[in-house]
Amino acid sequence: MHTLTKIGFIGLGVMGEPMCRNLARKSGLPVTASDLDEAPLQRLAADGVTRAATLATLMAECDVVFLSLPSGEVVRRLCHQAEGLLANTRPGQVIVDLSTSPVHTTRELAAEFEAMSATFIDAPVARTRAAAEAGTLAVMVGADPATFAAVRPLLETFATDVSLCGPVGCGQVLKILNNMVLFETVVAISEAKAIGERSGVDPRVLFETLAKGSADSFALRNHGMKAVLPDEFPERTFSVRYAQKDLMYALQLAEATGVDARAARVVAQWFDQAIEAGHGDNYHPVISRLMAPS
């Protein structure tokens, strides 16, 4: 494993920008970034982040390159396009995919980079934009132990919980299943609120009481109490469209492993209905509105 002395960062969206900022502030290494939007590049300049002239330049200069992109399809396209990442990678370089991508895509890309004597690992992140800003994300890593040891100090600039989940692809498995369980729990919480309200129970009393019993969960205390209860589902948060994309990855993985994930399929139906109702860009617990009393 070569010494990592310069960081590249591609994708400065809702999560990417604060992660890149924490790397620039805390890693002690120079950071070069790339994004199609000028605004985050201008904001990050105040933290010493330099703008990459081209992807080829970024790849030539940086020992480790982080990706924070909307989907595995975008990651694959960026890697395969002319003058993309595979065309410009070099021996010893480490590519860290912070995006949530299909497991098979991750493993295929890892094999392609390995053929170029470079290393591609998955490190999808969990938690919110606020956590990204505070440096308290959770990161689930699929990598060999040596690569994990090399990149862990960098991941810890924006995360407090960094877990090695197994070889390449295992980080994606954990992230995808984490989200699947979360989405299923949000559906259960939303159903409980609708049933409770129609049965004459104050929703606040319902949630506070559930939180004291065996139905307590992170989803109840956060997605339930902070979004479903006040009926607040802002945009530029983890939207229905993004949630649906991650859930599709989970259903693909279920099919590939021969598992009947029927509860996940029910969640997919709620997401489809929410998008049809015009809520695709809202925070994903907005599905509760579809169950609310008329």
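**Labels and their cut-offs**

Mentor: Let's start with handedness: the crossing of H4 and H6 is left-handed. That label applies if the near helix is turned anticlockwise from the far one by less than a right angle, and right-handed applies if clockwise. This is a predicted model, where local features need pLDDT of at least 70 and side-chain atom pairs count only at pLDDT 80 or more, while totals for chains, interfaces and linings use all residues. Residues are numbered from 1 along each chain as its sequence is written, and side-chain values use heavy atoms, with hydrogens and water left out.

Trainee: What is the angle at which the axes of H4 and H6 cross?

Mentor: The axes of H4 (residues 72-80) and H6 (residues 103-114) cross at roughly 15° and come within 10 Å. Angles under 35 degrees count as roughly parallel, over 145 as roughly antiparallel, 65 to 115 as roughly perpendicular and the rest as oblique. So H4 is roughly parallel to H6.

Trainee: Which residues of H4 meet H6?

Mentor: Gly72, Val75, Arg76, Cys79 and His80 do, and their partners in H6 include Glu108 and Phe113; contact means heavy atoms within 4.5 Å.

Trainee: Why is histidine 279 called buried?

Mentor: Its relative accessible area is 17%, and buried means under 20%, exposed over 50%, partly exposed in between (1.4 Å probe, protein chains only). Histidine 279 lies in the segment after helix H13 (262-276).

Trainee: And what makes helix H1 mostly covered?

Mentor: In H1 (residues 16-26), 9 of its 11 residues are buried, among them Met19 and Leu23.

Definitions and conventions:
Axes are lines fitted to C-alpha atoms, for helices over the stretch in contact, and angles run from 0 to 180 degrees between N-to-C directions. Helices (H or I, at least four residues) and strands (E, at least two) are DSSP runs, numbered from the N terminus.
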